[in-house]
Amino acid sequence: MTGTSAAVRTTVCIVDDDPGIRNSLEMVMESADLPARLYASATELLADLEANLTHDCCGCILLDLQMPGMTGIELLRRLRELGYDSPVIVVTGTATILSAVESMKLGAVDFLEKPIDHRILLNKIQQALAAHAAKRVEASEVVAIRDRMATLTDRELELVRLVVSGLANKHIADEMGISIKTVANHRANLMAKAGALNAADLVRMSMIAGIV
């Protein structure tokens, strides 16, 4: 089992009751320079998760379905209840259409049957990690935008609504009872404060923040 602080969000958590499968998959991960954490049961992973040990380092989960005690489907259901968002790839030797459909409904991003082509598996894992990383970046950007827009004054919010409605500076000046030059200055300050590149970007940010 390997893992370092540099491996945050890239570690592959392997959950399988077969020690031979776990060790084989760990070697596959090592061949691709992917750190791995091994779990002999669903409850082992869940214990780590509930102790906040895997929130920051488990970037992707490889999950067997048929295991003693808590099954893979039951673990998927529990992960969904906990709001856990790391991608889960089901790897099973007892695949059925029903289990595949149920896994996907519970948030699995892929469903693979044993024996696995290791090249396909690694490709699926890399895709899952990349998509998850992009999702986290997007989520953090949304938070940053909402935080910036929340600092705007009522007067600035009024200007935002007029700008995103497509009004020219002259009409905005009439609406706000100020000069065109003042509108231009206020717009420049507003764009800088919001971190908007242009009017279209301001529209996008306003929609994300729920202003318009």
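This is a predicted model: local features need pLDDT of at least 70, side-chain atom pairs count only at pLDDT 80 or more; totals for chains, interfaces and linings use all residues.
Local features here need pLDDT of at least 70 and side-chain atom pairs count only at pLDDT 80 or more, while totals for chains, interfaces and linings use all residues. Residues are numbered from 1 along each chain as its sequence is written, and side-chain values use heavy atoms, with hydrogens and water left out.

Me: Is strand S4 mostly covered or uncovered, and how many of its residues are buried?
Reply: Helices (H or I, at least four residues) and strands (E, at least two) are DSSP runs, numbered from the N terminus, and buried means under 20% relative accessible area, exposed over 50% and partly exposed in between (1.4 Å probe, protein chains only). Val88, Val90 and Thr92 are buried on one side of S4, and Ile89 and Val91 are buried on the other. S4, residues 88–92, is therefore mostly covered, and the number of buried residues is five of five.

Me: Which residue of S5 stands opposite Val91?
Reply: Two strands pair if DSSP finds at least two bridges between them. S4 and S5 (residues 108–113) run parallel and are joined by five bridges. Within S5, the residue opposite Val91 is Leu112.

Me: Which residue of S4 is the bridge partner of Leu63?
Reply: S3 (residues 58–63) pairs with S4 in the parallel sense, over three bridges. In S4, the partner of Leu63 is Val90.

Me: What is the relative accessible area of Val164?
Reply: Val164 belongs to helix H6, which spans residues 154–164. Beyond its neighbours within four places in sequence, Val164 contacts (heavy atoms within 4.5 Å) Leu202, Val203, Ser206 and Val212. Val164 is partly exposed, and its relative accessible area is 22%.
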